[in-house]
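Here are my notes on the model you sent over.

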Amino acid sequence: MDTTANLLHFVVWDRLPFAIGVIVAAFIVGRLASQSLNALGERIARRRLFFKQVSAVTRFVVLIAATAIVLSSLFHFSSEALLAVGGSAAVAIGFAFKDLTASLMAGLILLFDRPFQVGDRIEFDGTYGEVIEIGLRTVRINTLDDNLVSVPNHRFLNDAVSCANSGSLHQMCVFPFWVGCNENITAAKRIVYEATASSRYVFIDKPI
């Protein structure tokens with residue numbers, strides 16, 4: 001309570017409308033940039049993953065920039081006040097938002113360490129699908145049966161994750177086929193090969 005009262009003492013209330021405007025503008029800019037980049041990715045298939053990755057980075061950049069602008073405009077600290085309030089405020093805020101902070105930092109680590117990227121097919125803790133978003137709190141995975149699964153970012157720092165394509169537009173797909181022991185195995189292999197080779201989704205430069 002004392003920390004909150006001390007923080008409120010340093011708020012420049014006249015700048016509150018400006019801070020709210022910055023937050024609204026950051027939300028609109030982030031949303032428009034994300035939608036525009038995702039639309040470009042859908043129109044230019046070869047650069048789809050690149051635009052999706054830029055979209056994820058853009059959201060983080062807009063968030064960090066807006067946070068810095070709001071804090072610098074809304075609060076006015078002298079050096080003595082900063083030392084007096086900063087330590088206790090950091091502990092209080094860190095404790096209150098520890099899970100959110102952990103997920104945010106984990107999201108930044110995922111963006112720069114890149115164990116997987118937006119658009120990749122991954123398998124994590126029994127969930128397999130395409131990464132459609134690396135957000136501030138969660139990674140969203142669209143499964144093959146069109147379910148949207150949200151996984152907290154920090155879980156990817158401690159558990160194993162399998163990435164099928166690692167930023168490429170192609171990946172190896174494995175399909176099991178069962179053929180009766182009395183059937184013609186050679187003919188079965190030929191039929192499966194021809195069916196695969198005639199698919200418009202097959203990547204001819206790779207072996208079937």
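The points below go through the sheet, the salt bridges, the backbone and the surface.

1. Please read every value below as computed from predicted coordinates.

2. **Sheet order.** The sheet is open and has five strands. Their order is β4-β3-β2-β1-β5, and the pairing is antiparallel. The edge positions go to β4 (148-152) and β5 (162-163). Each of these has a single partner strand, so one side of each has no neighbour in the sheet.

3. How many bridges join β1 and β5? There are two, and the pairing is antiparallel. Across this pair, I122 stands opposite C163 in β5.

4. Strand β3 covers residues 138-143 and pairs with β4 over five bridges, in the antiparallel sense. R140 faces S150 of β4 as its opposite residue. The hairpin of β3 and β4 has four residues between the strands. In that hairpin, D146 takes a positive phi near 65°.

5. **Salt-bridge count.** The whole structure contains four salt bridges.

6. **D125 with R155.** These side chains meet in a salt bridge at 2.9 Å, N to O. The pair links distant parts of the chain, with the two residues 30 apart. D125 is in the loop between β1 and β2, and R155 is in the loop between β4 and β5. Is D125 buried or exposed? D125 is exposed, because its relative accessible area is 59% and the cut-off is over 50%. R155 is partly exposed, with 29%.

7. **R155 with D159.** R155 also meets D159 in a salt bridge, at 3.9 Å from N to O. The cut-off is 4 Å. D159 is partly exposed, at 37% relative accessibility. Taken together, D125, R155 and D159 form a network of salt bridges.

8. **E133 with R140.** This is a further salt bridge, with the closest N and O atoms 3.6 Å apart. E133 counts as partly exposed because its relative accessibility is 22%. R140 is partly exposed too, at 34%. R140 is also the residue that stands opposite S150 in β4.

9. D125 has a phi near 50°, a positive value in a residue other than glycine. D125 is also the residue that meets R155 in a salt bridge. R114 is another case: its phi is positive, at about 55°, although R114 is not a glycine. Where does R114 lie? R114 is in the loop between α5 (98-113) and β1 (121-124). R114 counts as partly exposed, with 48% relative accessibility.

10. **A buried aspartate.** D120 is in the loop between α5 and β1. D120 is buried, because its relative accessible area is 0% and the cut-off is under 20%. What does the side chain of D120 contact? It makes a polar contact with the side chain of N165, at 3.3 Å.

11. **Cysteines.** The structure has zero disulfides. C173 is partly exposed, with a relative accessible area of 47%. C181 is exposed, at 73%.

12. **Nonpolar surface patch.** Which residues form the nonpolar patch on the surface? They are L16, I20, V24, F27, I28 and L32. Together they have about 530 Å² of accessible area. F27 is found in helix α2, which spans residues 16-43. F27 counts as exposed because its relative accessibility is 52%.

Technical notes:
Residues are numbered from 1 along each chain as its sequence is written. This is a predicted model: local features need pLDDT of at least 70, side-chain atom pairs count only at pLDDT 80 or more; totals for chains, interfaces and linings use all residues. Side-chain values use heavy atoms; hydrogens and water are left out. Patches are made of residues with over 30% relative accessible area and no salt bridge: like charges are joined within 9 Å, nonpolar side chains (Val, Leu, Ile, Met, Phe, Trp, Tyr) within 5 Å. Accessible areas come from the Shrake-Rupley method with a 1.4 Å probe; for residues, only the protein chains shown count as cover. Buried means under 20% relative accessible area, exposed over 50%, partly exposed in between (1.4 Å probe, protein chains only). A disulfide is a pair of cysteine sulfur atoms within 2.5 Å. A polar contact is a pair of N or O atoms within 3.5 Å; within protein, one must be able to donate a hydrogen and the other to accept it, and residues adjacent in sequence count only if both atoms are side-chain atoms. Two strands pair if DSSP finds at least two bridges between them.
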